[in-house]
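Let's take a tour of a protein model together. Have a look at the sequence and the 3D view, and then read on with both at hand.

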Protein chains: 2
Amino acid sequence: MRELKDLQLLIDEAVTKLEYPAYPAELYEPIKYILQMGGKRMRPALLLMACDLFGGDVEKALAPALAIEVFHNFTLMHDDIMDNAPLRRGKTTVHELWDRNAAILSGDVMLIQGYKLMMQVEDRLLRPILDIFNTTAVGVCEGQQLDMDFETRSDVKIDEYIEMIRLKTAVVLGGALKIGALLGGADTKDAELIAKFGENLGLAFQLQDDLLDVYGSPEKFGKQVGGDIISNKKTYLLIKSLELANKEQATELSNWLNLKQFNQQEKVEAVTAVYNAVQVKQYAETTMQTYADKAFAALEKITLPEENKQYLRDFADGLMVREF
Amino acid sequence: MRELKDLQLLIDEAVTKLEYPAYPAELYEPIKYILQMGGKRMRPALLLMACDLFGGDVEKALAPALAIEVFHNFTLMHDDIMDNAPLRRGKTTVHELWDRNAAILSGDVMLIQGYKLMMQVEDRLLRPILDIFNTTAVGVCEGQQLDMDFETRSDVKIDEYIEMIRLKTAVVLGGALKIGALLGGADTKDAELIAKFGENLGLAFQLQDDLLDVYGSPEKFGKQVGGDIISNKKTYLLIKSLELANKEQATELSNWLNLKQFNQQEKVEAVTAVYNAVQVKQYAETTMQTYADKAFAALEKITLPEENKQYLRDFADGLMVREF
């Protein structure tokens with residue numbers, strides 16, 4: 001089995017070799033730019049990993065893997081416009097460096113380019129793989145819509161939040177693994193199982209991300225503590241706390257959410273105090289573990305040699321942090 | 001053979017029956033809105049027409065025809081953002097009625113929806129039809145990019161202009177006919193020929209549109225005369241006139257192009273006077289006729305019964321106006 005980091009490198013090289021028409025330059029330059037910004041190449045690497053685990057030829061899965069990466073970067077390019085984000089991976093975003101129109105149109109071409117790359121599979125797999133790609137792509141758009149809707153809503157329920165992160169993040173991970181598995185020769189049942197593994201792992205990973213924002217040690221994870229709190233981001237912790245809070249705690253949270261001017265550290269400390277009082281960390285950890293368990297349960301049912309399953313277990317363990 | 005207007009009606013009905021998920025409503029409402037704005041449904045009707053002419057079942061070609069219409073409306077939704085257009089077909093544009101983000105994201109979903117509909121063809125035709133769709137889709141984006149680039153350039157050449165309208169307008173007409181022909185059972189050669197017919201007819205039609213703006217009688221075509229002149233739109237007439245103009249005429253044109261405040265009628269009359277002086281109408285008509293001839297030449301080579309060819313000839317004749 002190939003190591004994940006080797007697969008990520010393989011994608012990195014292949015991305016560099018992607019060729020674009022020279023004309024019109026304004027259309028293709030932003031695509032080169034965003035694709036060469038880097039990133040972990042995790043989604044395409046997962047596709048290759050699944051292909052490899054089922055005994056497929058990783059080289060032959062490169063085009064569809066690139067399709068997933070190009071698609072992912074299309075969503076980033078359009079999301080950055082929608083979120084008014086000035087930076088992405090520490091670099092100026094496309095709509096800032098060029099303009100909004102360039103980011104819209106180049107993004108559109110990337111989505112089409114994604115289909116072109118995804119079509120580089122044998123005829124037998126063309127329809128099933130494109131079906132997965134379509135479902136994944138619609139899911140990501142629906143997830144982004146829900147994410148935007150939630151910003152202006154104060155009554156978001158936990159189930160809705162889980163559905164949002166499932167669509168926006170988890171579905172692509174499942175889709176990438178499923179496509180890779182089919183390319184590797186997996187039957188439909190195993191492909192479904194590895195998709196389920198990926199989707200549930202993605203949910204657990206996202207919930208962990210919510211937890212790390214508040215409870216992660218900054219030395220260990222290099223992230224500012226409380227970024228989500230400062231920006232009023234509707235995370236599992238906030239939504240569940242609003243649900244668990246008594247009248248007094250609810251008022252406290254709501255006051256901080258509505259405050260336009262505040263001391264950042266003070267807000268983080270006050271909101272965290274409510275989180276602690278309602279014991280939301282335990283709820284989040286339990287939910288996270290539920291999804292991790294679902295992922296592992298799906299994994300166990302896959303008909304792969306023990307060694308390959310262990311690879312998947314190790315991968316999942318590596319993603320899940322045991323100590324904050 | 002079915003009449004074109006019946007095919008347009010068929011599309012209109014099918015568009016009304018398209019179903020979307022209820023949730024998230026914000027994502028799907030703009031799609032319903034733009035698709036029910038109307039429009040001539042010309043592109044999907046051409047697809048059905050080609051299918052019908054080659055003896056195919058029009059009902060079975062409905063999904064790919066809808067794909068073309070959904071795709072076309074996706075480009076309109078995104079183009080309207082890029083062009084800051086407040087109105088489309090006399091109705092408020094999506095980015096005005098909702099907001100820019102809604103128009104971006106709903107447009108993205110429409111492009112994916114286009115692929116989903118286009119995939120509703122038999123396995124044998126899946127790859128060739130999607131290849132045509134990809135080429136068409138990239139072409140339209142490239143055309144839109146060139147169109148935007150031209151707005152800020154003063155050195156656009158006629159060849160570049162032709163390439164722009166080919167990509168932005170003509171390629172979709174050719175692509176729709178080609179897909180319809182394949183669905184109707186045409187061989188690759190005939191499919192290529194009908195695509196060539198459509199593409200060249202599209203070019204002739206666009207050049208005619210440029211001519212009508214200045215030389216069309218408003219009573220006959222119901223359009224304001226000189227709209228392109230007022231907005232400095234780089235049409236065949238303007239680009240070719242700049243090329244043909246002597247120093248004095250070039251200065252005259254350039255002055256009008258740079259004037260920020262002007263009397264509209266005065267500008268239209270002055271620019272038209274230069275157009276007449278350099279006899280650009282004849283150049284445009286000759287070029288238009290060249291493309292019309294190419295369209296008819298391709299048509300003659302198609303292996304269809306005389307009656308079916310006559311249908312295509314009548315269709316083309318109907319599009320081309322003999323008197324302005």
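## A pocket to start with

Sorted by class, the residues lining the second largest pocket are 17 nonpolar, nine polar and 18 charged. Keep in mind as you read that this is a predicted model. How many residues line the second largest pocket? There are 44, and those nearest the centre of the pocket are A:Arg43, A:His72, A:Thr169, A:Gln206 and A:Asp209. The space inside this second largest pocket comes to about 1400 Å³.

Which helices build the lining of this pocket? In chain A, α3 (42-53), α4 (62-82), α7 (123-151), α8 (158-184), α9 (188-215) and α16 (306-319) each bring at least two residues to it. The top contributor to the lining is α9(A), with nine residues.

## Two chains, one relation

Now zoom out to see chain A and chain B side by side. Chain B can be superposed on chain A by a rotation of 180 degrees, with 0.0 Å of shift along the axis and an RMSD of 0.0 Å. This is the relation of a two-fold axis. Both copies use the same surface, since 100% of the contact residues of chain B recur in chain A.

## Where the chains meet

At the interface, 40 residues of chain B are in contact with 40 residues of chain A. Between the two chains, about 3800 Å² of area is buried, and carbon and sulfur atoms give 66% of it.

Side chains of opposite charge can pair when their charged atoms come close. How many salt bridges cross the interface of chain B and chain A? The count is two. You can look for a salt bridge between B:Asp123 and A:Arg127, where the closest N and O atoms are 2.8 Å apart.

## Salt bridges in the whole model

Over all chains, the count of salt bridges comes to 34. In one of them, found within chain A, the side chain of A:Glu69 meets that of A:Arg41, with 2.8 Å from N to O. A:Glu69 sits in helix α4 of chain A, while A:Arg41 sits in the loop between α2 and α3 of chain A, so this pair ties together parts that are 28 residues apart in sequence.

## Closed spaces inside

Next, the cavities. The model has eight cavities of 30 Å³ or more, and the largest cavity has a volume of about 70 Å³. Its lining includes B:Asp228, B:Asn232, B:Thr235, B:Trp256 and B:Tyr275. In chain B, the elements giving two or more residues to this lining are α11 (227-230), α13 (247-258) and α14 (264-277). By class, the lining of the largest cavity holds seven nonpolar, two polar and three charged residues.

The second largest cavity contains about 60 Å³ of space. Among the residues that line the second largest cavity are A:Asp228, A:Asn232, A:Trp256 and A:Tyr275. Here the elements that supply two or more residues are α11 (227-230), α13 (247-258) and α14 (264-277) of chain A. The lining of the second largest cavity has seven nonpolar, one polar and three charged residues.

## Backbone details worth a look

Finally, follow the backbone. Where does A:Pro24 lie? You will find A:Pro24 in the loop between α1 (4-17) and α2 (25-35) of chain A. The peptide bond leading from A:Tyr23 to A:Pro24 is cis, with omega near -5 degrees. In chain B, a cis peptide bond joins B:Tyr23 and B:Pro24, with omega about -5 degrees. B:Pro24 is in the loop between α1 (4-17) and α2 (25-35) of chain B.

One more stop is A:Arg89, in the loop between β1 (87-88) and β2 (91-92) of chain A. Although A:Arg89 is not a glycine, its phi is positive, at about 50 degrees.

Key. Residues are numbered from 1 along each chain as its sequence is written. Chains are lettered from A and ligands numbered from 1 in the order in which they are written. This is a predicted model: local features need pLDDT of at least 70, side-chain atom pairs count only at pLDDT 80 or more; totals for chains, interfaces and linings use all residues. Side-chain values use heavy atoms; hydrogens and water are left out. Copies are superposed by least squares on the C-alpha atoms of residues with pLDDT of at least 70 in both. Contact means heavy atoms within 4.5 Å. On a 1 Å grid over the protein atoms alone, a cavity is a set of points where a 1.4 Å probe fits but cannot get out, and a pocket is an open set with protein on both sides within 12 Å along at least five of seven lines; lining residues have an atom within 4 Å of a point. Grid points are joined across faces, edges and corners, and a volume is the space filled by probe spheres set on the points. Helices (H or I, at least four residues) and strands (E, at least two) are DSSP runs, numbered from the N terminus. Ala, Val, Leu, Ile, Met, Phe, Trp, Tyr, Cys and Pro count as nonpolar, Asp, Glu, Lys and Arg as charged, and the others, Gly among them, as polar. Buried area is the accessible area (1.4 Å probe) that two parts lose on being put together, summed over both. A salt bridge is a side-chain nitrogen of Lys or Arg within 4 Å of a carboxyl oxygen of Asp or Glu.
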